[in-house]
Amino acid sequence: LSKGADSSERVLVTMRWGLIPSWFKKDDPCKMPFNTSNCRSDTMLTKSSYKGPLLKGKRCVVLADGFYEWQQQDGGKQPYFIYFPQTTNQTAETEEGDEWKGWRLLTMAGIFDCWEPPGGGDALYTYTIITVDASKDVSFIHHMPAILDGEEAVRKWLDFAEVPTQEAVKLIQPTENIVFHPVSTIVNSVRNDTPECLAPVELGAQKQVKTTASSKAMASWLKSSKEASPKKQENEVPRWTSQFIHNPSPKKTSAGVLQQWLGKAAEPAAKRRKV
């Protein structure tokens, strides 16, 4: 936070997930002895890792399409994708000036800090996501990200000069303005990063075999074998099916809405941070 900076200015910055406090003395951030990816709301003003930067106004908003949670069921855990309700009139201006109709991003409350290696070197910005008790709609999980619902909540959380810490923390509450649907268990592997990870699935439906190049070759071979053996019964031939995503996945490009969200920086500065 630079002296004299407009406290309402918004800056998009790449940070590492997992807060490394500025007072951490090790020479390697990977030596952090405990996990700081999430910060429970009931300890954010007591644990030194979070209290220090929070009282200094180091509040941030973490943007995401949504997040996953798992519900324990017979036979394993069922993943769900949780996100903001989407509207057909969600628009924003793109850099080209065209109207962009896209996905409404989740705005999650976070705390950040800046760590500098004791021996010198580049500063590292890191953050943690604040979590709260889950709302009744998703009561199958214990905690969920603290979601800032609406432009006013985002503005208050970010404006560290005009909105003091004790007022800002009142924004950290469970929200019921979320929706969710079950998704495929392919999300259980971090190697999978495809639109299918977001596609709704029908619980209890019979699993289908996804067509691959090898399965197509096998199906073709079985078909030719059948034609060459007239006496072969039809029910002896495996039936190959394909699994397709019928609904297009949400548009991943969010540059338009980010530009609109950050665009407020171009507005005349109404207030300055007191130093």
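Lys58 is buried at 15% relative accessibility, where buried means under 20% relative accessible area, exposed means over 50%, and partly exposed lies in between (1.4 Å probe, protein chains only). Its partner in a salt bridge is Asp113, with N and O 2.9 Å apart; the term stands for a side-chain nitrogen of Lys or Arg within 4 Å of a carboxyl oxygen of Asp or Glu. The pair links distant parts of the chain, 55 residues apart: Lys58 sits in the loop between helix 1 (48–55) and strand 3 (59–64), and Asp113 belongs to strand 8 (residues 106–115). Helices (H or I, at least four residues) and strands (E, at least two) are DSSP runs, numbered from the N terminus. Asp113 also counts as buried, at 2% relative accessibility.

The structure is a predicted model, in which local features need pLDDT of at least 70 and side-chain atom pairs count only at pLDDT 80 or more, while totals for chains, interfaces and linings use all residues. Residues are numbered from 1 along each chain as its sequence is written, and side-chain values use heavy atoms, with hydrogens and water left out.

In total, 6 salt bridges are counted by the rule above. One of them joins Glu151 to Arg10, at 2.5 Å from N to O. Glu151 is partly exposed at 36% relative accessibility, whereas Arg10 is buried, with a relative accessible area of 7%.

Helix 2 also holds a local pair. Glu152 and Arg155 form a salt bridge in which the closest N and O atoms are 2.8 Å apart. These two residues are separated by about one helical turn, because they lie 3 residues apart in helix 2. Both ends are partly exposed: Glu152 has 43% relative accessibility and Arg155 has 31%. In general terms, side chains of opposite charge can pair when their charged atoms come close.

Turning to the strands, an open sheet is formed by 3 strands in the order 4-5-11, with antiparallel pairing; two strands are taken to pair if DSSP finds at least two bridges between them. Strand 4 (67–73) and strand 11 (179–182) are at the edges with a single partner strand each, so one side of each is left without a neighbour in the sheet. Neighbouring strands here are turned by 35 degrees against each other on average, direction ignored. For such angles, axes are lines fitted to C-alpha atoms, for helices over the stretch in contact, and the values run from 0 to 180 degrees between N-to-C directions.

Strand 5 (residues 76–83) is joined to strand 11 by 4 bridges. Within this pairing, Tyr80 has Pro182 as its bridge partner, and Phe81 stands opposite His181. On the strand 4 side, the antiparallel pairing with strand 5 runs over 7 bridges, among them the one between Gln71 and Gln78. The hairpin of strand 4 and strand 5 has 2 residues between the strands, and Gly75 there takes a positive phi near 90 degrees. Strand 5 is mostly covered, with 6 of its 8 residues buried.

Thr131, in strand 9 (residues 124–133), is buried with a relative accessible area of 9%. Not counting residues up to four places away in sequence, Thr131 touches Asn38, Cys39, Arg40, Ser41, His143, Met144, Pro145 and Ala146, where contact means heavy atoms within 4.5 Å. Trp17, found in strand 1, is partly exposed at 47% relative accessibility.

At the surface, Val11, Val13 and Tyr125 form a nonpolar patch with about 270 Å² of accessible area together. Patches are made of residues with over 30% relative accessible area and no salt bridge, joining like charges within 9 Å and nonpolar side chains (Val, Leu, Ile, Met, Phe, Trp, Tyr) within 5 Å; accessible areas come from the Shrake-Rupley method with a 1.4 Å probe, and for residues only the protein chains shown count as cover. Val11 lies in the segment before strand 1 and is exposed, with a relative accessible area of 56%.
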